[in-house]
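Please work through the following exercises with the sequence and the model open beside you, and try each task before reading its solution.

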Amino acid sequence: MSDDKNKNIDADLVRSLADILNDTDLTEIEVERGDLKIKVKREVTVAAAPIQYAAAPAPVAHAAPAAHAAPAAAAPLSMPSDPATIVARAGEEVKSPMVGTAYLQPAPGADPFIKVGDKVKKGQTLVIVEAMKTMNPIQSPRDGVVAEILVGDAQPVEYGEALVLLEA
C-alpha cells in the first residue's frame, strides 16, 4: 500500500519545497503529512562551481603586464578574463527556473528545438528542463535570434544557470 502512496506524491509540493531551497541558503528541507514524508536536498558541492570559475581569471590578471608588452595579445587575453562583459554584449540570457536536466530536443533522435542563428518568437520553446520526471518547457521571453546555446543535451543545470543567449 505504501507504493500507491508514493505514486500520489504532490509534485507541486515538491516543487514548492525546491523553490524554498533555492530562495534560501538551506540545503535540506523535510515535510511530513501523516505517513507521507518528503525530503528535498541540495548538494553542497554545487556551490564550488562558481569558486572554480572565479579563480580562473586570476592567472590571466597576473599575465596582464606581459600582455601590455605585446599589444596584439592583450585583446584575446582580456576578453576571457571578463566573461560578464562578453555575456552582456552577446545578448539576453534565458535562465533555468529550476534545478534539473536540460534537453535540447523533444525526444531522442528528434530535431533540436533551436539552433544558433534561428529566429524565435516570444513563448517558443527553447529547451526542456526535466525536474522530478516532469518536463518543463523553457520558453523565449521575447522575439529574437539565438546567439548561443550554453548547455549541452542531457546536461544537468542549476537554478538561474544561463541556458540560451538571445540577440535582438
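This is a predicted model: local features need pLDDT of at least 70, side-chain atom pairs count only at pLDDT 80 or more; totals for chains, interfaces and linings use all residues.

Residues are numbered from 1 along each chain as its sequence is written, and side-chain values use heavy atoms, with hydrogens and water left out.

**Exercise 1.** State how many helices and strands the protein chain has.

Solution. The protein chain has 7 helices and 10 strands, where helices (H or I, at least four residues) and strands (E, at least two) are DSSP runs numbered from the N terminus.

**Exercise 2.** Find the order of the strands in the open sheet, and then its edges.

Solution. Four strands, in the order β7-β6-β4-β9, form this open sheet with antiparallel pairing; two strands pair if DSSP finds at least two bridges between them. The edge strands, β7 (134-139) and β9 (155-157), each pair on one side only. Next, β6 (residues 125-131) pairs with β7 in the antiparallel sense over 6 bridges, and I128 stands opposite P137 in β7.

**Exercise 3.** Decide whether E148 is buried, partly exposed or exposed, and list what it touches.

Solution. E148 lies in strand β8 (residues 144-149). With a relative accessible area of 37%, E148 is partly exposed, because buried means under 20%, exposed over 50%, and partly exposed in between (1.4 Å probe, protein chains only). Leaving aside residues up to four places away in sequence, E148 touches V116, V164 and L165, a contact meaning heavy atoms within 4.5 Å. Finally, E148 and V164 are 16 residues apart in sequence and 5.8 Å apart in space, C-alpha to C-alpha.
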